[in-house]
Amino acid sequence: MVTDPWLELALILAVIYCLELISILPPPRRLLLEGVRRLYLSVSGVILRNPLPWSLTFNTESFPLIFGTEGVYAYEPHQASNRRPPGWGHRFLRYDEIEEHGVEANELKLNGGTFLKLSSEAWAQSCNEALHEVLEAPETTRLAVIRRLVERRLAPTPAAETLQNLRRTLLSARLHGTLLFAALTTTLTLFVATEWARNHWSRFAMLLVLLLLSCVWEFVRVHRRLYPNAVSDRFIKTFILALNLPTACRMAEALARDSLRHHHPLAVLQTSGNPKQFKRLAKQAWLDLTYPAPFAIEPSAEARDTLQTHREFEREALSQLLEHAGVSLKELTAAPQPSSDASWGYCPRCESQFDAATEKCPDCRTPPVPFTRA
Ligand SMILES: [Zn+2]
C-alpha cells in the first residue's frame, strides 16, 4: 500500500504519461512515424511511442507525425486497409444534397467517390474547405475542382515542403516539452526522496508553473502558425495542455498530429519514406483503382459516373506520382507467382489465389483471373 502522497502523485502522473504513449488504431487507420532516417506508416493495431519527449528528432526511433489517428486515409473509393467495396456503411450524397451539416457525417461520399472521411475537427475542417471549394464552383466546373483537389493531395512536392517546414517549426516545441519533462521528473524524484525538497515545495511548484505557462504560450504560437484557421481546436487543445503536465511534455506530438491531413500518405512516403513500404502501399492503391471492387449497394447512375470520373483523376495523379518515384506500373499489376502447381488463378485486386475456378473472390468479390501457364 502506498502511503507517501508524493509517491502517489508521482505514480498517477507516470500512469497518465504511459497512457500518452499508447495509440490504438482500429482499421483502416494509419499512423505516420518518423524513424531513424525515414518516415514509415503504421497500420491498424496498438502502437507504443517512444517515451522520451526529446526523442522526437530525426535520429531516433520515434515520430512527431501522425496521419489519421482520428481521421483516416481518405478521398478513396475503397478503404485501404480492409479494402472492402464501396457501399459498406457509406453514405452517398448528391451535390445538391450537401450542406454544412454534411461534413459532420462520419463518412462522406461525394456523388460516389469517397471524398473525405472524417471524425476529428481538423479533418472536418479540411473536408469543409474542400467541400466549399467544390460547392462554390459552378456545376460545369465541379469535376475540374475535384480533379484539382485530388491532384493536390497526391502531388509529391507540397508534401515534402510541408514536412520540412513542420520539422523546423516543431523544434522549439520539442525543446519546451523536454524542459518540462526534465523538471517534472526531477521534482517528483526529489519530493519522494528528500525532506528538504518537500519543505521547499513552493519554489518547485513555481518553477513547474512557469515552465508550463511557457509551454502553453509556445503551443499557441506554433499551433497558430501551423493551423491558423483551427481556432476552436486550438482553444480546446490549449485548455487540455494547461491542465495536464504529461500532455504538455509531449506537445510536439499534439501539434504534429493533424499536419499531414492535406496530403495522401503516398505523396509523403514518396518524398521521405521507406521505399519498400512506399511500393507496397502504391501497389495496393493502384490495384484498388485498376480493379475497383463491385458495389455492395448499387448507387444511382449519377453517383456511379462521378465515382468513375473521380477514380480516373486519381489514377492519373497516382500514375504521375509513381512515374516520378520510378515505380513501374507493369510491375505493380503483374500476375503473382502461383503458390503451388494446383493454383488455378488469382484475384487481381487482393491477390488471393484459388485452387479451382471460381466466379468471385470471397474477400473482395472481384472476378478472378486464371493463371496462364506455358
Ligand atoms: Zn480479392
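The largest nonpolar core of this predicted model has 20 residues. A nonpolar core is a set of buried Ala, Val, Leu, Ile, Met, Phe, Trp, Tyr and Cys residues joined through C-beta atoms within 7 Å. Buried means 20 or more other C-beta atoms within 10 Å; exposed means 12 or fewer; partly exposed lies in between. Ala-173, Leu-180, Cys-215, Phe-219, Ala-248, Met-251 and Leu-255 touch the most other members. At least two core residues come from each of helix H5 (171–193), H7, helix H9 (245–249) and helix H10 (251–256). Another core, of 13 residues, lies apart from it and includes Trp-286 and Ala-317.

This is a predicted model: local features need pLDDT of at least 70, side-chain atom pairs count only at pLDDT 80 or more, and totals for chains, interfaces and linings use all residues. Residues are numbered from 1 along each chain as its sequence is written.

Now follow H7 (residues 201–226) to helix H8 (residues 231–243). Their axes come within 10 Å and cross at roughly 160°. H7 is therefore roughly antiparallel to H8, a term for angles over 145 degrees. Among the H7 residues in the contact are Leu-212, Cys-215 and Phe-219. H8 brings Arg-234, Lys-237, Thr-238, Leu-241 and Ala-242. Contact here requires C-beta atoms, placed from the backbone, within 7 Å. By class, seven residues are nonpolar, two polar and three charged.

Thr-309 is partly exposed, because 16 other C-beta atoms lie within 10 Å. Leu-143 is 166 residues away in sequence, yet 8.1 Å from Thr-309 in space, C-alpha to C-alpha.

Conventions:
Axes fitted to C-alpha atoms, helices over the stretch in contact; angles between N-to-C directions. Helix = DSSP H or I, 4+ residues; strand = E, 2+ residues; numbered from the N terminus. Parallel < 35°, antiparallel > 145°, perpendicular 65-115°, else oblique. Contact = placed C-beta atoms within 7 Å. Nonpolar A, V, L, I, M, F, W, Y, C, P; charged D, E, K, R; others polar.
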